[in-house]
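Hello,

Here is the structure you were waiting for. My notes on it follow below the display.

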Amino acid sequence: WEKLFGPGGAVEGMREAQDRGWCRWLGVTGMDVDFLRRCIETDAFQTVLMFYCFDLLDQSGESLLAEAQAHEMGVLIASPLRMSRGR
């Protein structure tokens with residue numbers, strides 16, 4: 001967490017890239033619902049991309065949809081059909 005949000009961490013570098021106009025939005029990607037929830041709560045990102053936590057077999061990330069909406073974040077579901085994992 002410190003490497004991501006601490007001084008000189010990844011988010012600081014991402015914000016610098018955004019300030020320079022190299023990107024418009026910052027996003028976080030992951031499979032761990034608790035990690036994604038913590039990231040959403042920081043308001044550091046504009047999008048969240050979820051893998052394997054909201055699909056046909058697993059809806060553990062469903063609560064993240066409302067949380068992301070409350071933070072005005074875009075949501076991408078990367079594995080709605082579970083692809084080759086979890087057969």
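Ala-78 sits in the segment after β3 (74-77). Its C-alpha atom is separated by 7.6 Å from that of Tyr-52, a residue 26 places away along the chain. Please keep in mind that this is a predicted model.

Tyr-52 itself is in the loop between β2 and α4. With a relative accessible area of 16%, Tyr-52 counts as buried, since buried means under 20%. The backbone of Tyr-52 is also worth a look: phi is positive there, at about 55 degrees, although the residue is not a glycine. Most residues other than glycine have a negative phi. Glu-72 likewise has a positive phi of about 55 degrees and is not a glycine. Glu-72 belongs to the loop between α4 and β3, and a relative accessible area of 75% makes it exposed.

The loop that holds Tyr-52 also holds Asp-55, between β2 (47-50) and α4 (62-70). Is Asp-55 buried or exposed? Asp-55 has a relative accessible area of 7%, so it is buried. A polar atom of the Asp-55 side chain lies 2.8 Å from the backbone nitrogen of Leu-57. Beyond its neighbours within four places in sequence, Asp-55 is in contact with Ser-79, Pro-80 and Arg-82.

Leu-56 is another residue of the loop between β2 and α4. Leu-56 is exposed, with a relative accessible area of 65%. Together with Leu-57 and Leu-81, Leu-56 makes a nonpolar surface patch of about 380 Å².

Now the chain as a whole. It contains 4 helices and 3 strands, and from the N terminus on the elements run α-α-β-α-β-α-β. Along the principal axes, the C-alpha atoms fill a box of roughly 40 × 25 × 25 Å. The chain has 87 residues, of which 29% are buried. Its accessible surface comes to about 5,700 Å², and carbon and sulfur atoms account for 53% of that. Taking contacts between residues at least 6 apart in sequence, 50% join residues at least 24 apart.

Which residues have the most contacts inside the largest nonpolar core? They are Leu-36, Phe-45 and Val-48, in a core of 16 residues. At least two residues of this core come from each of α3 (33-42), β2 and α4. The largest share is that of α3, with 4 residues. In soluble globular proteins, nonpolar side chains tend to be buried together.

Leaving aside neighbours within four places in sequence, Phe-45 is in contact with Phe-5, Val-11, Met-14, Leu-26, Gly-27, Val-28, Cys-39 and Met-73.

To recap the loop between β2 and α4: Tyr-52 is buried there with a positive phi, Asp-55 is buried, and Leu-56 is exposed.

Regards

Technical notes
Residues are numbered from 1 along each chain as its sequence is written. This is a predicted model: local features need pLDDT of at least 70, side-chain atom pairs count only at pLDDT 80 or more; totals for chains, interfaces and linings use all residues. Side-chain values use heavy atoms; hydrogens and water are left out. Buried means under 20% relative accessible area, exposed over 50%, partly exposed in between (1.4 Å probe, protein chains only). A polar contact is a pair of N or O atoms within 3.5 Å; within protein, one must be able to donate a hydrogen and the other to accept it, and residues adjacent in sequence count only if both atoms are side-chain atoms. Contact means heavy atoms within 4.5 Å. Patches are made of residues with over 30% relative accessible area and no salt bridge: like charges are joined within 9 Å, nonpolar side chains (Val, Leu, Ile, Met, Phe, Trp, Tyr) within 5 Å. Accessible areas come from the Shrake-Rupley method with a 1.4 Å probe; for residues, only the protein chains shown count as cover. A salt bridge is a side-chain nitrogen of Lys or Arg within 4 Å of a carboxyl oxygen of Asp or Glu. A nonpolar core is a set of buried Ala, Val, Leu, Ile, Met, Phe, Trp, Tyr and Cys residues joined through side-chain atoms within 4.5 Å.
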